[in-house]
Amino acid sequence: MPSQREDCLFCDIVHEGTYVAKTKGFVAINDINPKAQTHILIIPERHVESFREIGEFHAWELKRMMEFIAETARDAGLTDYQVQTNVGRSAGQTIHHLHWHVLGDVASHLDVSRPLTAVSEL
């Protein structure tokens, strides 16, 4: 398994979680505090703090990550959806392990005045 941190919730989930989908290097889980009808998190298996460190991935991994996001959204029945990542605490990042929010039917649930977070307020 790629590098992980013992103190990281998402590293634990990647190792022992229940997935919506999984592919080499990435997993998808349902968000425990959904902000839309469908709210899925895409998480790299390797611990990378945030989008700031995106350069730690090889080009083929980035391509696979984007393909997995699209595949997961399609498999969830989404045709119109948002893909978002928060970078840094003031932007709403509460878990410092890179992850993407895939949100479908956002209008019925989203409070656009608040950034999305991976879990409820910690």
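## Residue D12

D12 is partly exposed, with a relative accessible area of 45%; buried would be under 20%, exposed over 50% and partly exposed in between, using a 1.4 Å probe and protein chains only. The residue sits in helix α1, residues 9–16. Helices here are DSSP runs of H or I with at least four residues, strands are runs of E with at least two, and both are numbered from the N terminus.

Leaving aside residues up to four places away in sequence, D12 touches E6 and G17, where contact means heavy atoms within 4.5 Å.

## About the model

This is a predicted model, in which local features need pLDDT of at least 70 and side-chain atom pairs count only at pLDDT 80 or more, while totals for chains, interfaces and linings use all residues. Residues are numbered from 1 along each chain as its sequence is written, and side-chain values use heavy atoms, with hydrogens and water left out.

## The sheet

Now to the strands: 5 of them form an open antiparallel sheet in the order β1-β2-β3-β5-β4, two strands being paired if DSSP finds at least two bridges between them. β1 (21–23) and β4 (81–84) are the edge strands, each with a single partner, so one side of each has no neighbour in the sheet. From one strand to the next, the twist averages 15 degrees.

β1 pairs with β2 (residues 26–30) in the antiparallel sense over 3 bridges. T23 has F26 in β2 as its bridge partner.

## Helices across the sheet

α1 lies across β2 and β3 (38–44), at about 90 degrees to β3. Axes are lines fitted to C-alpha atoms, for helices over the stretch in contact, and angles run from 0 to 180 degrees between N-to-C directions.
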